[in-house]
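Take a look at the model below. The report then walks through it, part by part.

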There are 2 protein chains.
Amino acid sequence: MNGTGEHFVLPARAGKAFRLARGASVRIINTYGSQVVDTWAFSAIDPTEFMSMEHTRLYLARIAPKVGDTLVTNRARPCLTLAEDTSGGVHDTLLPACDTCRYARLGAAEGHSNCADNFRSALVEIGLPLSHVPAPLNLFENSVPDLNGVIVIKPPVCRYGSYVTLRAEANLVLVLSACPQDITLTNGVDRSPRDVHLEIVRPAE
Amino acid sequence: MNGTGEHFVLPARAGKAFRLARGASVRIINTYGSQVVDTWAFSAIDPTEFMSMEHTRLYLARIAPKVGDTLVTNRARPCLTLAEDTSGGVHDTLLPACDTCRYARLGAAEGHSNCADNFRSALVEIGLPLSHVPAPLNLFENSVPDLNGVIVIKPPVCRYGSYVTLRAEANLVLVLSACPQDITLTNGVDRSPRDVHLEIVRPAE
């Protein structure tokens, strides 16, 4: 990416869906250094084909992607490539999007914003409602399991302004949610959801 | 379980769906010691609520369940409890059901039987078709990641006749598939899918 793309803000606690043509890239900038971004992708032609964490783990033979890796769909086709990563490279593929059940269990007041609802709203807005919420790629989420498989959610390891760049390997709908988690350490020790900045570079016409 | 239940054979390479009332248990017997069984569960009332590997990992705070653990649905409600396990306790929650894409990549002839198709066929048979194949609980599958998150599929660690018992925590539809994998080491070094024996104990009326 050369820094000449369209710039957007993904506001704290909010979600957004947008179309990415094959070859386009999105840089997801962790402006404040501790914001997890739940990430989904779907075929723009057939939304029953979506980026699948379990298929990605199988084909990468690894829990989480590294720079150069291509995440795949539930039909094992290339979906998104992790083209750049200055964040320290710690991302999660194991955990679900936060949802109303999660916040109820954590004792939050009813109506707490959450990534699952952000996902659904973003897809409704783009005219592509889905019946279930696939497991997301949780960018910047630090929940690497230990040798016994125990998962503890720790603050992200990334720094202010670090980023990842994802390149579309097919014509996609991308959905991002700036995770509204403010109870656990998901979004850092201050438990404050923050804005994320996006830069989209479209392929030349 | 007291050994007085109904006995069934789940034939090698085949799938089966059946209803389990809350409190019922199924013992899944790895008769020949190296057969992986892909396992799904759904609410009998609302099939959009299903056993979710990502939600289970979050609520157990662990990659895979141990004896006494309850796997949960995508609405974080109790689904199945791993009530007994004599198999060595190695099960997988990370990998997808094998499917046509998997066998195409492995160079198998077209039409290779697979767990995803077994799942779909079993649900059609029981009158409950679903639009997507959730990530299964892969009983007996030995794909424990190493410290670097690398996943290598090794032969199962279980012995002839060892078993797990799953207890239904809600009124469920259970789907099992005796994995047809005969190319990788999933089902052991002889790469031969085998029959699995089942014993279902229903709660007293």
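Start with helix α1 (residues 53–60) of chain B: 8 of its 8 residues are buried, so this helix is largely enclosed by the rest of the structure. Buried means under 20% relative accessible area, exposed means over 50%, and partly exposed lies in between (1.4 Å probe, protein chains only). Helices (H or I, at least four residues) and strands (E, at least two) are DSSP runs, numbered from the N terminus.

This is a predicted model, in which local features need pLDDT of at least 70, side-chain atom pairs count only at pLDDT 80 or more, and totals for chains, interfaces and linings use all residues. Residues are numbered from 1 along each chain as its sequence is written, chains are lettered from A and ligands numbered from 1 in the order in which they are written, and side-chain values use heavy atoms, with hydrogens and water left out.

**The helix and the partner chain**

Among the buried residues of α1(B) are B:Met53, B:His55, B:Leu58 and B:Tyr59. What do the buried residues of α1(B) pack against? In chain A, they meet α1 (53–60) and α2 (100–105). In chain B, they meet β5 (70–72) and β7 (137–139).

Now for the interface as a whole. Contact means heavy atoms within 4.5 Å. On that rule, 32 residues of chain B are in contact with 32 residues of chain A. The two chains bury about 2800 Å² between them, 62% of it on carbon and sulfur atoms. Buried area is the accessible area (1.4 Å probe) that two parts lose on being put together, summed over both. Which three residues supply more than any others of the area that chain B buries against chain A? They are B:Leu58, B:Tyr59 and B:Arg105, with 19% of that area. How many salt bridges are there between chain B and chain A? The count is 0. A salt bridge needs a side-chain nitrogen of Lys or Arg within 4 Å of a carboxyl oxygen of Asp or Glu.

**Symmetry**

Chain B can be laid on chain A by a turn of 180° and a shift of 0.0 Å along the axis, with an RMSD of 0.0 Å. The two copies are thus related as by a two-fold rotation axis. In chain B, the C-alpha nearest the axis belongs to B:Leu147, at 2.9 Å from it. The same surface serves both copies, since 100% of the contact residues of chain B recur in chain A. Copies are superposed by least squares on the C-alpha atoms of residues with pLDDT of at least 70 in both.

**Aromatic rings**

Rings of Phe, Tyr and Trp (its six-membered ring) pair if their centres lie within 6.5 Å; planes under 30 degrees apart count as stacked, over 60 as edge-to-face and the rest as tilted. The count comes to 6 aromatic pairs over all chains. Two of them are set out here.

| Pair | Centre to centre | Angle between planes | Type |
|---|---|---|---|
| A:Phe42 and A:Phe50 | 6.2 Å | 55° | tilted |
| B:Trp40 and B:Phe119 | 4.6 Å | 45° | tilted |

B:Trp40 lies in strand β4 (residues 37–43) of chain B and B:Phe119 in helix α3 (residues 115–125), so their pair ties together parts that are 79 residues apart in sequence. B:Trp40 is buried at 2% relative accessibility, and B:Phe119 is buried at 1%. In chain A, A:Phe42 is buried at 1%, and A:Phe50 is buried at 8%. Ring pairs link A:Trp40, A:Phe42, A:Phe50 and A:Phe119 into a cluster.

A charge sits over a ring if NZ of Lys or CZ of Arg is within 6 Å of the ring centre and within 35 degrees of the ring normal. A:Arg27 lies over the face of A:Tyr163, at 4.1 Å from the ring centre. B:Arg27 lies over the face of B:Tyr163, at 4.1 Å from the ring centre.

**Loops and a strand**

B:Ser34 lies in the loop between β3 (25–30) and β4 of chain B. Is B:Ser34 buried or exposed? B:Ser34 counts as buried, at 13% relative accessibility. Leaving aside neighbours within four places in sequence, its contacts are B:Pro156, B:Thr186, B:Asn187 and B:Gly188.

B:Val189 lies in the loop between β9 (172–178) and β10 (196–201) of chain B. B:Val189 is exposed, with a relative accessible area of 65%.

A:Val9 lies in strand β1 (residues 6–10) of chain A and counts as partly exposed, at 46% relative accessibility. A:Val9 and A:His197 are 188 residues apart in sequence, yet 4.7 Å apart in space, C-alpha to C-alpha.
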